[in-house]
Amino acid sequence: MKKLLLAIAALLASSGGMAETVGEVSTTFKLLSPNDKIVVEVFDDPEVQGVACYLSHAKTGGYKGALGLAEDTSDAAVACRQIGPIAFKGKIAGQDEVFNARTSFLFKQVRVVRMVDSKRNTLVYLVYSDKLIDGSPKNSVTAVPVPAAQPIPLK
């Protein structure tokens, strides 16, 4: 049974997204099991070259956290930055999910959505949890301006 739970946890952990871990800090000490922590990950926008997004989110420790059975809190923040010349791989949607990561065993996920502000030629990124907290999800937003001479190609 324990091997089955570990296999399920590994499968769920690998199905999240394409993020790389930059680092983490412990927030709560646990004597015999993993600490609670805040994890910082980075992912590249899959349709926009030259834009990387840094995502911080809580990771629950303890025995349940180690097995992937704990539910992480809905706290998350995102900061997207231009890291090179911006190039579009094709036409992009006015709004599209660019990243998601599972934060509980079955249901809750952290999602990052890219929106286009055509009037200001800017890419806006919103991070939120799809589990409601007191009627509305916690969220964070960031924006990456695209040079004025380079229009955003919309579908």
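This is a short tour of the model above, one selection at a time.

**Before you click**

You're looking at a predicted model, where local features need pLDDT of at least 70 and side-chain atom pairs count only at pLDDT 80 or more, while totals for chains, interfaces and linings use all residues. Residues are numbered from 1 along each chain as its sequence is written, and side-chain values use heavy atoms, with hydrogens and water left out.

**Stop 1: the whole chain**

Start with the cartoon view. The protein has 2 helices and 8 strands; here helices (H or I, at least four residues) and strands (E, at least two) are DSSP runs, numbered from the N terminus. Follow the chain along its sequence and you'll pass through α-β-β-β-α-β-β-β-β-β. Of its 155 residues, 36% count as buried. Buried means under 20% relative accessible area, exposed over 50%, and partly exposed in between (1.4 Å probe, protein chains only).

**Stop 2**

Zoom in on strands 3 and 4, which run antiparallel and are joined by 9 bridges. Pick Gln 49, and you'll find its bridge partner, Ala 87, in strand 4.

**Stop 2: the disulfide**

Stay here and show Cys 53 and Cys 80. A disulfide joins them, S to S 2.0 Å; the term stands for a pair of cysteine sulfur atoms within 2.5 Å. Cys 53 lies in strand 3 (residues 48-59) and Cys 80 in strand 4 (residues 76-88), 27 residues apart. Look along the S-S bond: the torsion is about 110°, so this disulfide is right-handed. Cys 53 counts as buried, at 0% relative accessibility, and Cys 80 does too, at 1%.

**Stop 3: two rings**

Next, select Phe 43 and Phe 99. Rings of Phe, Tyr and Trp (its six-membered ring) pair if their centres lie within 6.5 Å, and planes under 30 degrees apart count as stacked, over 60 as edge-to-face and the rest as tilted. The structure holds 1 aromatic pair. The centres of the Phe 43 and Phe 99 rings are 4.6 Å apart and their planes are at 10°, so the pair is stacked. Phe 43 belongs to strand 2 (residues 36-44) and Phe 99 to strand 5 (residues 95-102), 56 residues apart. Both are buried.

**Stop 4: the nonpolar core**

Show Val 51, Phe 88, Val 112, Leu 123 and Tyr 125. Of the 22 residues in the largest nonpolar core, these touch the most other members. Such a core is a set of buried Ala, Val, Leu, Ile, Met, Phe, Trp, Tyr and Cys residues joined through side-chain atoms within 4.5 Å.

**Stop 5: a hairpin**

Finish with strands 6 and 7, an antiparallel pair joined by 8 bridges. Strand 6 is mostly covered, with 7 of its 9 residues buried. Find Arg 114, which stands opposite Tyr 125 in strand 7. The hairpin has 4 residues between the strands, and Asn 121 takes a positive phi near 50°.

Key
Two strands pair if DSSP finds at least two bridges between them.
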